[in-house]
Amino acid sequence: EEELKAMAIVRITEPLNLDLISQDLRIEKRLLEKWNPDYDMFEMDAYQGDYYSLRIPKEKLDNFIDRKEFLSKRSKVLFSEMSM
């Protein structure tokens, strides 16, 4: 419950690479996965809904907003490389 109080929820409409988010925002990937247990379904386009409510620590929110465009562009490149 204490963890939840420290979380910000960001609506994203396209998948972002969790490894990239983890590295860029300096958040342990295992924690991102714990806070967003159904994210893999969103990544694989098997998620119900038009957006995903990504949970990140509140103290990382401003950094995420500043870096979102970079994260989006870089994630698209990474996902396209994975599908080759």
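1. Five aromatic pairs are counted in this structure, which is a predicted model. A pair of aromatic rings is described by two values, the distance of the centres and the angle of the planes. Two of the pairs are taken up in the next points.

2. In the pair of F42 and Y47, the ring centres are 5.8 Å apart and the planes meet at 90°. Planes over 60 degrees apart count as edge-to-face, so the pair of F42 and Y47 is edge-to-face.

3. Y47 also pairs with Y52. Here the centres lie 5.2 Å apart and the planes are at 65°, so the pair of Y47 and Y52 is edge-to-face.

4. Which residues form one aromatic cluster? The members are Y39, F42, Y47 and Y52.

5. Are F42 and Y52 buried or exposed? F42 has 7% relative accessibility and therefore counts as buried. Y52, at 1%, counts as buried. Y47 has a relative accessible area of 25%, so Y47 is partly exposed. The cut-off for buried is under 20%.

6. G49 is found in the loop that runs between α4 (39-43) and β2 (52-57). The relative accessibility of G49 is 53%, and G49 therefore counts as exposed; the cut-off for exposed is over 50%. Along the chain, G49 and L78 are 29 residues apart, and their C-alpha atoms are separated by 23 Å.

7. One further ring contact involves a charge. R67 lies over the face of F70, and the distance from the ring centre is 4.4 Å.

Key: Residues numbered from 1 in each chain as written. Predicted model: local features only at pLDDT ≥ 70, side-chain atom pairs only at ≥ 80, totals over all residues. Heavy atoms only, no water. Helix = DSSP H or I, 4+ residues; strand = E, 2+ residues; numbered from the N terminus. Buried < 20%, exposed > 50% of the residue type's maximum accessible area, 1.4 Å probe, protein only. Phe/Tyr/Trp six-rings, centres within 6.5 Å; stacked < 30°, edge-to-face > 60°. Lys NZ or Arg CZ within 6 Å of the ring centre and 35° of its normal.
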